Amino acid sequence: MAGAREPSTTAAVAAPAAPVVPDGLAPAALDDLDDDATVDRVAIAGETAVDLAVRGLTLRRSRLAGVRLPGATFDHVEMVDVEWEDCDLSGLTLGIAVLARVEFRRCRLSGLVAPDLAASDV
């Protein structure tokens, strides 16, 4: 049909919702990220663990800064309202994982493997 406009194929994309991380987080260590643990309202800073393997972790309303986890594996993990800042997560493997309102700022994620990832607002 002459003069008809084609519908736009470009839809407006809303920005992801930011994580809701409260002030006054309790200090914690990478050792607290353990199998079948629920970790809530913590701050972990400047720690390193090579080839960390965790299964069944729930991490909520937390901030990780300057953390180095090269080669880490998180399987059956849920992260909600989590901020990762200036972290080295190269070679990270996320097995079965659910991420909601998770932000990675200035993080290295080269070699990320996430075959069963369900993510929203990341």
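Which side chain meets D88 in a salt bridge? The partner is R68, at 3.5 Å from N to O. This is a predicted model. The D88–R68 pair links distant parts of the chain. D88 sits in the loop between β7 and β8 (93–94). R68 sits in the loop between β5 and β6 (73–75), 20 residues apart from D88. The two partners can be compared by burial. D88 has a relative accessibility of 12%, and the limit for buried is under 20%, so D88 counts as buried. R68 is partly exposed, at 39%.

Opposite charges are the theme here. Side chains of opposite charge can pair when their charged atoms come close. A search of the whole structure finds eleven salt bridges.

Take R63 and E83. Their closest N and O atoms are 2.6 Å apart. R63 belongs to strand β5 and E83 to strand β7. The pair spans 20 residues and links distant parts of the chain. E83 is buried, because its relative accessible area of 10% falls under 20%. R63 is partly exposed, with a relative accessible area of 28%.

Now move along to E85. E85 forms a salt bridge with R106, and the closest N and O atoms are 2.6 Å apart. E85 lies in strand β7. R106 lies in the loop between β9 and β10 (116–120). Again the pair links distant parts of the chain, 21 residues apart. E85 is partly exposed, at 21% relative accessible area. R106 has 57% relative accessibility, and the limit for exposed is over 50%, so R106 counts as exposed.

These pairs do not stand alone. Salt bridges with shared partners join R63, E83, E85, D86, E103, R105 and R106 into one network.

Next, the nonpolar side. The largest nonpolar core holds 29 residues. Which of them touch the most other members? They are L57, L59, L64, L69, F74 and W84. Several strands contribute. β3 (42–45), β5 (58–65), β7 (77–85) and β9 (96–105) each supply at least two residues of this core. β7 gives the most, with four residues.

L59 shows the packing in detail. Leaving out residues up to four places away in sequence, L59 touches L33, V39, L64, E78, M79, V80, V82 and W84. Among these contacts, L64 and W84 are also on the list of core residues that touch the most other members.

Note on methods: Residues numbered from 1 in each chain as written. Predicted model: local features only at pLDDT ≥ 70, side-chain atom pairs only at ≥ 80, totals over all residues. Heavy atoms only, no water. Core = buried A, V, L, I, M, F, W, Y, C linked by side-chain atoms within 4.5 Å. Buried < 20%, exposed > 50% of the residue type's maximum accessible area, 1.4 Å probe, protein only. Contact = heavy atoms within 4.5 Å. Salt bridge = Lys/Arg side-chain N within 4 Å of Asp/Glu carboxyl O.
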